[in-house]
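Work through the exercises below with the structure in view. Try each task before reading its solution.

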Amino acid sequence: VGRGGSPPPQGLDHSHSRRATVLNAWYISQKFYDDLGVDRQASEDEIRRAFRLRAAACHPDRDDSPEARAQFEKLNEAYREVMG
């Protein structure tokens, strides 16, 4: 029985499920860095600079298209997650 009181999905043991969770978290985290255009080892200053440059280009005050708004929201989410 797993931590939540239910058994792991059929065919998966706890170690596989835990490994999948860790890999999924890594992938999601890497995606945020990719969205910002920085490496995982980037400093806070580098992350902040990259965010400001990218956000300025698609800011709703500059570009009112739905695509720019979606990109701006995506960048903001990535910045919040990376800078925590």
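**Exercise 1.** Decide whether Tyr-79 is buried, partly exposed or exposed.

Solution. Start with the cut-offs: buried means under 20% relative accessible area, exposed over 50%, and partly exposed in between (1.4 Å probe, protein chains only). Tyr-79 has a relative accessible area of 19%, so Tyr-79 is buried.

Before going on, note that this is a predicted model, in which local features need pLDDT of at least 70, side-chain atom pairs count only at pLDDT 80 or more, and totals for chains, interfaces and linings use all residues. Residues are numbered from 1 along each chain as its sequence is written, and side-chain values use heavy atoms, with hydrogens and water left out.

**Exercise 2.** Find the aromatic pair and classify it.

Solution. Rings of Phe, Tyr and Trp (its six-membered ring) pair if their centres lie within 6.5 Å; planes under 30 degrees apart count as stacked, over 60 as edge-to-face and the rest as tilted. Searching the whole structure gives one aromatic pair. The partners are Phe-51 and Tyr-79, with 4.3 Å from centre to centre and 20 degrees between the planes, and the pair is stacked. Helices here are DSSP runs (H or I, at least four residues), numbered from the N terminus. Finally, Phe-51 counts as buried because its relative accessibility is 13%.

**Exercise 3.** Which residues of the largest nonpolar core touch the most other members?

Solution. A nonpolar core is a set of buried Ala, Val, Leu, Ile, Met, Phe, Trp, Tyr and Cys residues joined through side-chain atoms within 4.5 Å. The largest one has 16 residues, and Leu-36, Val-38, Ile-47, Phe-51 and Val-82 touch the most other members. At least two residues of this core come from each of α1 (14–36), α2 (44–58) and α3 (66–83). The most come from α3, which gives six. Now take Ile-47: leaving out residues up to four places away in sequence, Ile-47 touches (heavy atoms within 4.5 Å) Tyr-33, Leu-36, Val-38, Ala-42, Tyr-79, Val-82 and Met-83.

**Exercise 4.** Compare the accessibility of Asp-34 and Asp-35.

Solution. Asp-34 is in helix α1, and Asp-35 is in helix α1. At 48% relative accessibility, Asp-34 is partly exposed. Asp-35, at 11%, is buried. Beyond its neighbours within four places in sequence, Asp-35 contacts Arg-54, Lys-74, Leu-75 and Ala-78. As for Asp-34, its C-alpha atom is 8.9 Å from that of Ala-78, 44 residues apart along the chain.
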